[in-house]
Amino acid sequence: EEDDDDDDNHDDGTLLPKGMSWCSFLTHPTTRVCLAGSWAYCWIFYTMLSEYPSYASSVLNMSVRKAGASAVGAYMLLWGTTTCTGWISDCIIARNLLSRLHTRKATYLAGMLPASAMLASVGYVESADSAIVLITLAIGIAGVSFSGVWTHVLDVSGEHSALLYATANVSATVPGFVSPLLVGLFLDVFGERQGWRLMFLTSGFVGCVGSAIFAFGATSMVLAAPSPS
C-alpha cells in the first residue's frame with residue numbers, strides 16, 4: 001500500500017509532486033522564497049567561515065592562531081543563538097503568541113537584519129577590536145535566523161520535505177565557492193582595504209535582500225502541483 005501511495009503522489013522516477021515539472025517546482029513561490037532565504041543566510045555563514053581568518057591576518061594584523069581563536073568564539077556564539085532561538089520559537093508557537101508563519105519571519109529578520117548591518121559597518125571602522133566585535137556579533141546573531149528559514153522549509157514542504165530541503169540545502173552551498181571568488185576579484189581590482197570593504201557591503205546587501213524576500217514572500221502555502229483548470 002505504501003508503494004501505491006508513493007506512486008500516486010510522485011511522478012515515476014522522481015521525488016517531484018505528481019503533475020509538477022522541475023521548472024514549475026523551481027519557480028514555485030514556496031520554492032523561490034525558501035531558496036532565497038537559505039541562500040542569504042548561508043552567504044553570511046560561508047563568507048565569514050572562509051574569509052574571516054584572511055581578513056583578520058591581512059587587515060587586522062592578527063596572528064593565524066589568534067584569528068582562529070576569534071572565529072571559534074564567533075561560531076560558538078552562533079551555536080548558542082541557534083539552539084536558544086529554536087526553543088524560544090517553539091514556546092511562542094505553543095502559547096499562540098504568534099502564528100507559526102509570523103514566528104518564522106520574526107526570527108529570520110531578527111537574525112539577518114542586525115547581522116547585515118554589522119557586517120556592512122565593518123569596512124568603515126578603524127579599530128581592530130571594533131571590527132572583531134562587529135564580526136563576532138554578526139556571526140552569532142545570524143544564528144537567530146536559522147530557526148526561521150530552515151524550519152519554514154519543513155513547514156511548507158508537506159510530504160515533499162526531502163525534495164525541498166535538499167534543493168534549498170544544495171543551493172545554499174553555492175555561496176561557499178562564489179563568495180571566495182568574489183573576494184579575490186574585489187581584492188585584485190580595488191586593492192586590499194577597498195576590496196574588503198566591498199566584500200562586507202556585499203554581505204550586508206545580500207542579507208537585506210534575502211530578508212525582504214522572506215518577509216514579503218513567505219506564506220503558509222504548502223508545496224504542491226497546481227490544480228488542473
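Residues are numbered from 1 along each chain as its sequence is written, and side-chain values use heavy atoms, with hydrogens and water left out. Because the model is predicted, local features need pLDDT of at least 70 and side-chain atom pairs count only at pLDDT 80 or more, while totals for chains, interfaces and linings use all residues.

The largest nonpolar core holds 54 residues. A nonpolar core is here a set of buried Ala, Val, Leu, Ile, Met, Phe, Trp, Tyr and Cys residues joined through side-chain atoms within 4.5 Å. The members that touch the most other members are Met48, Tyr55, Leu60, Ile135, Trp150 and Phe200. Two or more residues each come from helix H3 (29-58), helix H4 (64-94), helix H5 (100-122), H6, H7, helix H8 (161-172), helix H9 (175-190) and helix H10 (192-217). Helices are DSSP runs of H or I with at least four residues, strands are runs of E with at least two, and both are numbered from the N terminus. H3 supplies the largest share of the core, 12 residues. Around Ile135, the contacts (heavy atoms within 4.5 Å) include Met48, Tyr55 and Phe200, along with Tyr52 and Val122, when residues up to four places away in sequence are not counted.

Ser145 lies in the loop between helix H6 (128-142) and helix H7 (146-157). Its relative accessible area is 0%, so Ser145 is buried. Buried means under 20% relative accessible area, exposed means over 50%, and partly exposed lies in between, with a 1.4 Å probe and protein chains only. Residues up to four places away in sequence aside, Ser145 touches Tyr41, Thr107, Tyr108, Gly111 and Met112.

Trp22 belongs to helix H2 (residues 22-26). With a relative accessible area of 46%, Trp22 is partly exposed. Apart from neighbours within four places in sequence, Trp22 is in contact with Leu16 and Leu163. Trp39 is 17 residues from Trp22 along the chain, and their C-alpha atoms are separated by 19 Å.

The cysteines come last. A disulfide is a pair of cysteine sulfur atoms within 2.5 Å, and the count by this rule is 0. For Cys42, the nearest cysteine sulfur is that of Cys34, 13 Å away. Cys42 counts as buried because its relative accessibility is 7%. For Cys84, the closest cysteine sulfur is in Cys91, and the 11 Å between the sulfurs is too far for a bond. Cys84 is partly exposed, at a relative accessible area of 47%.
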